[in-house]
Amino acid sequence: MISRAKEIHPSDVSYLRDRFSESAKSSWAYFIPFLTSYNLPPRRRILLVDYLGSTLVLQHSRRESKERFDLVLPPCPLAENAFQAIEGMLQNSSQEVLRMLWVDKEDASALQSKFGLRLTLHLKDREYLYDPKSVSRLQGRAYRDIRKKINSVKRLSPNFRRMKMSDALRARSLHERWRTLQGRSRDFLVDWGYTKAAINNFHLFNESDIDAWCVEIGRDLVAFALAGPIDEKTACFFVAKSDIQINGLSEYLRWKVYAQLSNYMVVNDAGDLGIEGLEQYKRKFRPIGFNSVYTARLDRKGIPGFSDR
């Protein structure tokens with residue numbers, strides 16, 4: 001099965017979106033441009049293979065002389081044949097554990113029922129869900145602080161526009177400065193690799209698959225964002241980076257992007273990684289709900305099962 005897998009490519013967007021939509025998948029990780037950007041060979045390759053009617057998204061990782069295979073997502077759809085594929089991946093390898101990196105609540109329940117004590121689930125994150133129309137309007141006392149910050153940025157005469165490939169060099173420079181200012185050891189820098197890849201490759205996608213915007217103040221590119229559809233109703237707020245030395249710029253960028261996404265019913269804006277400051281920031285935009293996402297470990301032998309910590 002693994003020998004037939006091929007490396008993911010932007011041309012796979014339509015096929016994968018159809019597969020994910022058939023199973024009503026709307027978690028943040030089901031945004032296909034994220035999956036293609038997460039493909040960072042040679043250290044990490046994201047592979048696709050169809051097996052017995054299900055699509056598998058695999059991670060092939062290599063460190064030093066060791067390599068392993070894991071599932072980025074559970075097979076889609078997660079039918080009986082898919083359980084056979086999961087079991088086969090583990091039994092036909094030398095690994096003691098098969099990991100599934102992003103598992104939604106529905107699949108977590110199905111996997112637990114099938115594999116019992118051999119499966120361990122841990123809560124990975126709670127993704128924030130927003131009504132884009134509400135965020136774009138910013139009406140009421142609840143949004144007063146955000147409005148103040150946005151108004152302070154408006155006085156700087158920002159220019160919000162679509163980002164072009166010719167802007168990529170300046171976007172990369174901003175991203176590198178952001179990393180330096182935030183500190184390389186911070187937990188939320190886990191997005192460094194795939195954000196860098198997304199900046200380099202967003203032009204390979206159709207605008208209907210991913211859109212990019214930037215903010216200029218004077219001649220400086222001071223913020224950029226990438227977003228697009230997970231399905232017809234749900235958008236993914238994929239990447240947002242801004243000059244942290246400009247107070248209110250992050251709020252301004254999000255406000256402008258949410259206005260662009262107002263045709264969707266819901267925007268999935270990822271989680272907060274358990275970081276208190278990021279949680280406070282995201283709650284200011286008034287989420288309408290949360291989507292729990294788990295990681296899973298399937299062992300060759302049974303171990304105790306489910307953790308919500």
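Angles under 35 degrees count as roughly parallel, over 145 as roughly antiparallel, 65 to 115 as roughly perpendicular and the rest as oblique. The legends below describe a predicted model, in which local features need pLDDT of at least 70, side-chain atom pairs count only at pLDDT 80 or more, and totals for chains, interfaces and linings use all residues. Residues are numbered from 1 along each chain as its sequence is written, and side-chain values use heavy atoms, with hydrogens and water left out.

**View 1. Helix 6 packs against helix 9.** Helices (H or I, at least four residues) and strands (E, at least two) are DSSP runs, numbered from the N terminus. Helix 6 covers residues 144-154 and helix 9 covers residues 249-260; their axes lie 8 Å apart, at an angle of about 100 degrees. Axes are lines fitted to C-alpha atoms, for helices over the stretch in contact, and angles run from 0 to 180 degrees between N-to-C directions. Helix 6 and helix 9 are therefore roughly perpendicular to each other. On the helix 6 side the contact (heavy atoms within 4.5 Å) is made by Ile146, Lys149, Ile150, Val153 and Lys154, and on the helix 9 side by Leu249, Glu251, Tyr252 and Trp255.

**View 2. Helix 3 crosses helix 4.** Helix 3 (residues 80-91) packs with helix 4 (residues 105-115) at about 70 degrees, and the two axes are 12 Å apart. The pair is therefore roughly perpendicular. The crossing is right-handed; a crossing is left-handed if the near helix is turned anticlockwise from the far one by less than a right angle, and right-handed if clockwise. Glu80, Phe83, Ile86 and Glu87 of helix 3 meet Ala110, Leu111, Lys114 and Phe115 of helix 4.

View 3. Helix 7 passes helix 8 in a right-handed crossing. An α-helix has 3.6 residues a turn, so residues three or four places apart point the same way. Buried means under 20% relative accessible area, exposed over 50%, and partly exposed in between (1.4 Å probe, protein chains only).

**View 4. Strand 5 pairs with strand 12.** The two strands run in the antiparallel sense over six bridges, strand 12 being residues 289-299. Strands count as paired if DSSP finds at least two bridges between them. Met100 has Ala296 of strand 12 as its bridge partner. Seven of the eight residues of strand 5 (residues 97-104) are buried, so this strand is largely enclosed by the rest of the structure.

**View 5. Glu216 makes polar contacts with two arginines, Arg161 and Arg170.** Glu216 sits in strand 8 (residues 211-217) and, at 13% relative accessibility, counts as buried. Its side chain makes a polar contact of 3.1 Å with the side chain of Arg161 and one of 2.8 Å with the side chain of Arg170. A polar contact is a pair of N or O atoms within 3.5 Å; within protein, one must be able to donate a hydrogen and the other to accept it, and residues adjacent in sequence count only if both atoms are side-chain atoms. Not counting residues up to four places away in sequence, Glu216 touches Ser157, Pro158, Asn159, Arg161, Arg170, Leu221 and Val222.

View 6. Arg19 belongs to helix 1 (residues 13-22) and is buried, with a relative accessible area of 14%. The side chain of Arg19 reaches the backbone oxygen of Gly53 at 2.5 Å.
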